[in-house]
There are 4 protein chains.
Amino acid sequence: MNTFGHLFRVTTFGESHGPAMGAVVDGCPAGVPLTRAQVQQALDRRRPGQSALTTSRNEPDQVELLSGVYEDKTLGTPIAAIVRNQDQRSQDYDALKTKERPGHADRVWRARFQHRDPRGGGRTSGRETLCRVIGGSIAEALLAREVPALRVVAWVSQVERFVAPTPAGGLTRQAVDAHASRVPDASTAAQVEARILEAKAEGDSLGGAITVRCEGLPVGLGEPVFGKLKARLADALSGIGAVTGVVWGPADLEERLRLPGTRFHAPRADGTPSEVYGGIQGGLSNGEPLEARVLFKPTSTLTDVAKAGRHDPCILPRAVPVVEAMTSMVLADLWLSFLAGPHRP
Amino acid sequence: MNTFGHLFRVTTFGESHGPAMGAVVDGCPAGVPLTRAQVQQALDRRRPGQSALTTSRNEPDQVELLSGVYEDKTLGTPIAAIVRNQDQRSQDYDALKTKERPGHADRVWRARFQHRDPRGGGRTSGRETLCRVIGGSIAEALLAREVPALRVVAWVSQVERFVAPTPAGGLTRQAVDAHASRVPDASTAAQVEARILEAKAEGDSLGGAITVRCEGLPVGLGEPVFGKLKARLADALSGIGAVTGVVWGPADLEERLRLPGTRFHAPRADGTPSEVYGGIQGGLSNGEPLEARVLFKPTSTLTDVAKAGRHDPCILPRAVPVVEAMTSMVLADLWLSFLAGPHRP
Amino acid sequence: MNTFGHLFRVTTFGESHGPAMGAVVDGCPAGVPLTRAQVQQALDRRRPGQSALTTSRNEPDQVELLSGVYEDKTLGTPIAAIVRNQDQRSQDYDALKTKERPGHADRVWRARFQHRDPRGGGRTSGRETLCRVIGGSIAEALLAREVPALRVVAWVSQVERFVAPTPAGGLTRQAVDAHASRVPDASTAAQVEARILEAKAEGDSLGGAITVRCEGLPVGLGEPVFGKLKARLADALSGIGAVTGVVWGPADLEERLRLPGTRFHAPRADGTPSEVYGGIQGGLSNGEPLEARVLFKPTSTLTDVAKAGRHDPCILPRAVPVVEAMTSMVLADLWLSFLAGPHRP
Amino acid sequence: MNTFGHLFRVTTFGESHGPAMGAVVDGCPAGVPLTRAQVQQALDRRRPGQSALTTSRNEPDQVELLSGVYEDKTLGTPIAAIVRNQDQRSQDYDALKTKERPGHADRVWRARFQHRDPRGGGRTSGRETLCRVIGGSIAEALLAREVPALRVVAWVSQVERFVAPTPAGGLTRQAVDAHASRVPDASTAAQVEARILEAKAEGDSLGGAITVRCEGLPVGLGEPVFGKLKARLADALSGIGAVTGVVWGPADLEERLRLPGTRFHAPRADGTPSEVYGGIQGGLSNGEPLEARVLFKPTSTLTDVAKAGRHDPCILPRAVPVVEAMTSMVLADLWLSFLAGPHRP
């Protein structure tokens with residue numbers, strides 16, 4: 001099952017150390033402005049080697065559009081995009097052919113497929129997320145045309161014991177990217193960046209949380225029973241490798257669960273629905289900003305096992321565009337589903 | 001989108017105040033032992049009116065099997081089951097025709113469907129979950145035949161500020177049901193039950209958490225990219241009305257995220273994988289017990305708004321079988337998908 | 001797999017001699033006018049016992065709507081409808097418990113499900129088609145609101161060696177139903193009706209063809225590669241029990257295949273596309289009337305084997321509403337898919 | 001909708017005059033022997049330029065496997081395969097930018113997508129079928145491992161007014177390929193080949209029929225209601241561009257429909273089910289050879305309109321591997337679905 005979505009469908013393929021990775025996006029309507037540069041720019045945001053905080057692997061990851069786009073507009077046909085794998089160095093992984101890595105899926109993967117591609121984790125590699133970023137960039141092109149008010153922005157809200165304050169509304173991706181750690185608060189960012197460099201030096205790894213916020217959503221997106229907006233997003237976000245939980249609503253939601261309903265549900269002073277709903281009621285978007293906190297485990301590839309593997313001490317900064325991509329793919333899909341109902345703009 | 005699952009598919013229908021609720025289960029193989037009494041017993045576990053802790057509504061909820069079963073075995077054809085709505089009292093809701101209830105989906109539902117069934121929330125009612133319990137009971141009949149070692153057990157692990165200690169392995173549903181609160185720890189249960197009665201008297205409501213644990217899972221269940229076991233369960237569990245988060249792994253997972261990877265990933269003393277994985281690696285079951293904590297908001301129907309609505313002050317005890325049902329439906333579906341691969345028992 | 005359609009989804013259930021048959025229609029938008037009488041009227045058109053030409057079984061087939069409709073409008077939630085089985089007389093089939101009927105699926109059904117419901121063929125019975133008629137009637141309610149110019153009309157165009165002339169455009173269901181044989185040509189109808197009565201007296205059965213025509217289709221319905229309009233209809237129509245072929249275009253299409261392309265493709269005198277296209281080009285509707293001929297085998301239940309089974313000597317007259325229903329379900333589904341593209345009316 | 005199949009899923013992409021065509025096959029189990037040469041060999045059978053009968057375009061069509069295969073075995077991950085477009089000559093089509101071609105989908109395509117890729121028909125081009133042949137070759141690799149007795153063979157059974165006698169059982173693809181026309185009867189083949197050359201000289205085109213036969217099918221393949229084997233194949237085969245009908249059973253099926261049921265259903269002398277069933281009963285394979293006749297229109301691109309387009313005067317010989325590919329894709333998909341039931345080899 002390598003297809004995500006019902007109407008806006010993204011099928012991904014590629015082993016991290018095979019010839020290429022890629023995605024086919026089916027269901028994107030015709031006439032949506034889309035250039036190779038747009039997709040490339042999205043990939044560049046998840047690319048390793050952007051700062052001292054990440055793996056030293058250099059993956060230029062140049063995308064090629066094979067179909068579905070003509071003269072910078074979508075054709076309404078499937079959009080296939082591929083990225084050749086270049087810096088493969090499979091030999092780094094030779095030592096792993098017989099040794100299973102703690103925290104890795106090597107053992108369960110072998111149970112499932114009765115063999116394992118030893119070349120770098122095959123499909124379980126974090127490199128698979130570049131396919132999701134391709135899908136997300138095309139979803140965002142569609143949403144940009146059809147829901148222009150929408151803003152999907154994620155940021156690193158926690159790394160290990162360092163928790164950033166919640167930013168005010170109107171946060172931009174530019175403001176997030178201004179920090180190598182993608183923590184959009186200068187003071188916390190400095191602490192986090194120092195801690196990541198320390199962990200890198202120690203061959204250790206760090207987990208934490210990414211928060212994603214969607215502003216400008218139309219009211220009524222999602223399906224009321226199965227396919228609720230929160231269920232679709234939980235599916236999408238939990239499907240990212242290291243994610244170990246998704247919690248809706250404000251950063252202190254779990255503390256607020258210790259309040260009785262009369263206080264928990266109290267509307268805000270301005271009469272808008274309480275922010276505890278995280279922008280979702282009855283499974284559908286309620287027009288308020290949607291907010292979710294996505295918990296990430298520390299990466300399981302530690303330097304002492306695969307020192308030549310050149311992995312990230314903390315994947316969270318690079319996971320930010322992946323979280324945005326999965327979110328946008330869900331929204332694009334639910335948007336098309338919304339159109340098949342009686343809601344025609 | 002009222003169908004859940006790919007190979008084991010459950011389609012649900014019914015408004016809480018219409019003639020009937022029901023489910024059609026398609027994809028269940030032939031020859032699985034299944035009686036009406038089994039389905040009824042599952043429904044009885046979620047039925048209101050079982051203790052002083054729940055709503056005073058009396059819903060006998062007698063299920064009728066319309067198809068797919070003959071001489072107490074499944075036929076391999078769709079299994080349709082219905083429950084007539086009896087204690088409807090729509091007049092209780094007359095006052096709501098014009099008034100929107102805080103925390104309820106009334107407003108977003110109207111935006112989506114351009115009208116609203118005023119009779120008790122329509123499909124957004126918690127009563128819709130009885131359809132899920134029907135689906136879950138049939139999933140469990142299939143799993144009982146094909147994965148006999150499997151045990152899916154959920155319990156109330158937190159209500160408001162009261163948190164129960166994590167029970168040892170081998171917990172049974174009987175042990176959970178021994179407490180009206182479904183908190184399987186006598187001391188915490190007593191506190192919780194007193195607090196629920198207090199909230200009921202005050203017309204208030206309480207949230208908290210349910211933990212679900214699966215023991216005896218085969219290794220390799222789930223799909224490696226989209227459709228990871230954790231993603232499918234996150235989708236299933238987040239789709240329950242009041243759920244506001246799903247977190248994998250042990251109860252203290254979020255504290256452990258404040259540890260570096262070297263400590264987080266340390267295997268247990270006996271060499272088995274760390275319990276932080278919550279039984280899932282690489283998106284697939286790893287053979288260890290799977291454990292997830294499902295966060296619930298306090299119910300949003302407060303007595304001051306709909307005093308005649310006779311709602312639950314704390315839905316968690318009654319949500320336990322719903323959490324188990326959604327979990328079993330996911331496992332049955334992934335099990336059939338597993339069989340379509342090279343894994344034939 | 002008992003669900004038909006992608007966006008407008010019809011899930012059917014029920015064994016012919018179990019408690020009930022039914023369908024759940026999911027994906028129908030809210031606000032579509034729909035009454036129980038409309039569905040009942042559709043069922044009445046396929047009901048046996050309408051004339052001397054059909055089985056003597058009396059099946060009142062009263063439909064009950066269980067959900068999805070309120071005050072004669074759809075709610076946007078799943079519409080469940082059931083019909084109780086009344087005239088079951090399973091004892092007629094007792095003799096068949098050990099004897100396989102030639103032409104029936106008894107043997108293959110047993111191979112598939114490793115057992116067989118002896119009560120009248122289970123799901124393979126022609127009675128299953130009443131579920132399709134329910135689905136079709138709801139599809140037609142949707143299309144009536146959204147594509148009001150559309151007319152889907154089928155008729156019996158051949159019975160055994162009797163072939164009716166092709167009727168002119170604008171044919172109505174009323175004109176077809178004016179003949180017990182549903183052959184809309186008085187002279188052929190008389191011959192056909194005499195021949196059916198003769199076959200009934202002889203315990204024999206007759207095959208032939210039904211032609212279905214859709215007038216008023218918008219241009220561009222269908223999917224260009226997989227899911228072409230003709231492919232979706234071929235799937236839908238070939239899925240009717242006794243169908244043994246579907247041929248697009250005019251009645252003499254097969255003779256015209258003996259012409260070279262220059263003559264085959266010649267546009268009509270008025271410049272509109274040739275009628276050989278049967279209203280479909282490139283997989284999509286071209287705005288011209290769509291026409292297909294659906295071939296039916298003689299029924300395989302012959303009186304000498306199951307004389308008490310009281311089957312139809314010629315199912316074609318009763319299959320006409322089933323052909324219309326399957327066609328309408330495809331069109332409703334493709335219509336919703338069309339709306340998810342850039343085509344918003 | 002560019003994905004075909006439910007468990008064995010083939011997603012195709014590519015415009016005939018864009019950078020590349022390709023397919024992603026998802027759901028193929030791990031460990032299936034598969035080489036690039038196998039896929040290439042399948043493509044070579046549909047390639048133009050194999051004889052004087054076909055277009056003079058030279059399309060080397062070298063396939064590259066991008067993922068899913070390692071050391072000549074499938075990995076259980078998606079298999080992506082692409083073919084670069086080389087001999088594009090878009091300038092041949094410049095004249096068509098403003099002129100619509102009779103019989104072509106240009107007009108309906110524009111209605112659907114509100115623009116048209118003028119470069120050779122985009123996705124509606126017959127070149128899209130190479131993606132299907134890729135999918136079919138992988139389906140055949142799976143079936144070769146799991147249903148080794150199965151043989152899927154198609155041949156040209158009619159071209160214009162020339163009809164070939166039905167070959168005996170055990171026909172091989174080699175025997176079919178021995179004739180440039182793929183008519184496996186020397187005398188008819190000679191007539192057909194002469195007629196095709198004549199049509200080519202005249203700038204005309206020819207239609208006819210391809211028959212496909214499957215020997216060695218297990219009993220019980222298919223779904224009993226929707227998803228009948230015949231319905232799935234009708235969908236698959238009707239989805240090929242020029243197909244205008246699919247008829248099950250022997251070549252003279254339509255004549256036999258003029259027989260009453262007693263004669264139509266008579267079993268063969270050896271007691272096996274009548275060949276009129278075309279190998280299908282109750283929607284499922286009955287273990288007998290399956291046979292279907294697929295009707296093709298003459299190609300609609302005539303030389304007088306696009307003389308530089310270098311199209312085939314008769315596409316039937318090159319469509320034979322496409323018919324086989326679609327058939328194999330359906331069988332592979334239904335085979336996996338069969339395994340998810342209680343049928344485990």
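**Exercise 1. Work out how many residues each chain brings to the contact between chains A and B, and which elements of chain A take part.**

Step 1: The contact takes 65 residues from chain A and 66 residues from chain B, where two residues count as touching if their C-beta atoms, placed from the backbone, lie within 7 Å. Keep in mind that this is a predicted model, in which local features need pLDDT of at least 70, side-chain atom pairs count only at pLDDT 80 or more, and totals for chains, interfaces and linings use all residues. Residues are numbered from 1 along each chain as its sequence is written, while chains are lettered from A and ligands numbered from 1 in the order in which they are written.

Step 2: On the side of chain A that touches chain B, at least two residues come from each of β1 (3–4), α2 (106–113), α6 (229–238), β11 (243–248), α7 (253–256) and α8 (261–264) of chain A. Helices (H or I, at least four residues) and strands (E, at least two) are DSSP runs, numbered from the N terminus.

**Exercise 2. Find how β11(A) pairs across the contact.**

Step 1: β11(A) and strand β11 (residues 243–248) of chain B run antiparallel and are joined by three bridges; strands pair if DSSP finds at least two bridges between them.

Step 2: Look for A:V246, which stands opposite B:V246 in β11(B).

**Exercise 3. Identify the symmetry that relates chain A to chain B.**

Step 3: Of chain A's residues, A:D235 comes closest to the rotation axis, at 2.3 Å (C-alpha). The same surface serves both copies, as 100% of the contact residues of chain A recur in chain B.

**Exercise 4. Trace the open sheet of five strands in chain A and say which strands stand at its edges.**

Step 1: The strand order is β1-β2-β3-β7-β4 (chain A), with antiparallel pairing.

Step 2: β1 and β4 (63–65) of chain A stand at the edges; each has a single partner strand, so one side of each is left without a neighbour in the sheet.

Step 3: Now go inside the sheet: strand β3 (residues 20–26) and strand β7 (residues 79–84) of chain A pair in the antiparallel sense over six bridges. A:V25 has A:I79 in β7(A) as its bridge partner.

Methods
Copies are superposed by least squares on the C-alpha atoms of residues with pLDDT of at least 70 in both.
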